[in-house]
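Please walk through this protein model with me. Keep the sequence and the 3D view side by side as you read.

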Amino acid sequence: MESVGIVEDRVREEVRARGIDPLRDPRAVRGVVDDLLASLVVDDEISSAAQAAFHAIAGLGPLQPLLDDPEVEELWINAPGRVFVARHGQSELTTVVLDAVQVRDLVERMLRVSGRRLDVSTPFVDAMLPDGSRLHVVIPDITREHWAINIRRFVVRARTVQALADVGVLTHQAADFLDACVRAGLNVVVAGGTQSGKTTFLTALLGSVPAVERIITCEEVFELHLDHPDHVALQTRSASLEGTGEVPLRRLITEALRMRPTRLVVGEVRQAEAMDLLIAMNSGMPAMATLHANSAREAITKLCTLPLLAGANIDASFVLPTVAGCVDVVVHLTSDAAGRRVSEIAGVSGRVEGGIVEMSTIFTSTREGLARGQGMPPHLDRFDRTGLDVRGILGRAHP
């Protein structure tokens, strides 16, 4: 459509004249487009051309309509002609077709705002887009031929566990229980598979932290979005071209403890930083984290294994009782065609028998949904000191 090129050229010229950075100030670009439309006789072709120009200049071109769709949870590109999206957990091939040059230009545009780089020496990159979406890119020769791109969006923005209960992720009884756990200062681990909603759930749990507390979050890439009056967010940093300046997650946790937190949060535990998390928990610091695991039991098993990566002087005789004494509650999430939901909530008693950390089932999945189990959380005295009737919450009939 010839009008697309004409409108785009005029918008670009005006954006340059006004000194606008289109990726950082898309509203200003929208203003330029609106001013241009006001000076023209607008028909459907001109209107479509203006929208396409806006997407090309201030957005991500052909991908922008997909990212503007509130139902799209994730977008990924396997090859220039293979662009997929996920809606409600189900993937589908889109009609968008790019070429290799467009793919590279789009990635360059996305990384320009983040300040992160991608080259032969650094073939992977994690970054955050201006709208809060998470970008991951891998380039050849790590991939066989084409650039592989994932953009993970945050469609569900529930700020409390009660809001998640309203949409069926868990029952209101379970939500009230977890709200009480957070307020009482218990250490909570949120586990699940990829795309099971761990970060969204952790964000909702943090909505229960009292306003007087100071939260420090440590993440590889900023993903947690908190409405809390006293919150500092930290993220890792890759090494420079000279191989210096790297800030790993372990360093963030160490520095966070020097910032007077009353609540420490680790966005995702994958490696030796599990040791630093346990040390923080063991110091009496209420903490929360997410972890990839297939069940609550496997999450505890993994937490007993990952700290061993911290050094040869760390062994199971130290880690097992530390995990048993530090972790209080594990929430496990699942995701399938029916959506994301809590499948299990388990309590950790603090005891180790026969080399196994004891756990009890507080809530479990049944055919009817999430149901109350027989277990109880540890540290009932902490609930009592906070004025929370956790026995009443757990004794209440399942709604």
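This is a predicted model: local features need pLDDT of at least 70, side-chain atom pairs count only at pLDDT 80 or more; totals for chains, interfaces and linings use all residues.

Residues are numbered from 1 along each chain as its sequence is written, and side-chain values use heavy atoms, with hydrogens and water left out.

Start with the sheet. Helices (H or I, at least four residues) and strands (E, at least two) are DSSP runs, numbered from the N terminus. Nine strands form an open sheet with mixed pairing, in the order S9-S8-S10-S11-S7-S12-S13-S14-S15. Strand S9 (231–235) and strand S15 (369–372) are its edges. Each has a single partner strand, so one side of each lacks a neighbour in the sheet. From one strand to the next, the twist averages 25°. Two strands count as paired if DSSP finds at least two bridges between them. Strands S10 (residues 263–269) and S11 (residues 287–292) are parallel and share four bridges. Among the partners, Val-266 is bridged to Ala-289 in S11. In general, strands of a sheet pair through backbone hydrogen bonds, either parallel or antiparallel.

Contact here means heavy atoms within 4.5 Å. Axes are lines fitted to C-alpha atoms, for helices over the stretch in contact, and angles run from 0 to 180 degrees between N-to-C directions. Helix H8 (residues 198–206) lies across S7, S8, S10, S11, S12 and S13. H8 runs at about 165° to S11. Helix H11 (residues 296–305) lies across S7, S11, S12, S13 and S14, at about 150° to S14.

How many residues of helix H10 (residues 273–282) are buried? Eight of the ten are, so H10 is mostly covered. Buried means under 20% relative accessible area, exposed means over 50%, and partly exposed lies in between (1.4 Å probe, protein chains only). The buried residues of H10 include Met-275, Leu-277 and Leu-278. They pack against S7, helix H9 (249–256), S10, S11, H11 and helix H12 (316–326). Just after H10, Gly-284 takes a positive phi of about 90°.

Two loop residues come next. Arg-153 sits in the loop between strand S6 (148–152) and helix H6 (161–166). Arg-153 is buried, at 17% relative accessibility. Its side chain reaches the backbone oxygen of Val-72 at 2.5 Å. A polar atom of the Arg-153 side chain also lies 3.1 Å from the backbone oxygen of Asp-69. Val-97 is in the loop between strand S3 (90–93) and helix H5 (100–114). Val-97 is exposed, at 61% relative accessibility. Leaving aside neighbours within four places in sequence, Val-97 is in contact with Pro-80, Gly-81 and Gln-102.

What about the cysteines? A disulfide is a pair of cysteine sulfur atoms within 2.5 Å. A search of the whole structure finds zero of them. For Cys-181, the nearest cysteine sulfur is that of Cys-326, 16 Å away. Cys-181 is buried, with a relative accessible area of 0%. Cys-304 is in no disulfide either, and the sulfur of Cys-326 is 11 Å away. Cys-304 is buried, at 11%.

Now the hairpin of S2 and S3. Strand S2 (residues 82–87) pairs with S3 in the antiparallel sense over four bridges. Arg-87 has Gln-90 in S3 as its bridge partner. Two residues lie between the strands, and His-88 takes a positive phi near 55°.

Arg-87 leads on to the salt bridges. A salt bridge is a side-chain nitrogen of Lys or Arg within 4 Å of a carboxyl oxygen of Asp or Glu. The whole structure has 21. One of them joins Arg-87 to Glu-92, with the closest N and O atoms 2.6 Å apart. Arg-87 is buried at 18% relative accessibility, whereas Glu-92 is partly exposed at 35%. Another joins Arg-183 and Asp-179 (3.0 Å, N to O). Both lie in helix H7 (residues 172–183), four residues apart, about one turn of the helix. Arg-183 is partly exposed at 36%, and Asp-179 is buried at 13%.

Terms used: A polar contact is a pair of N or O atoms within 3.5 Å; within protein, one must be able to donate a hydrogen and the other to accept it, and residues adjacent in sequence count only if both atoms are side-chain atoms.
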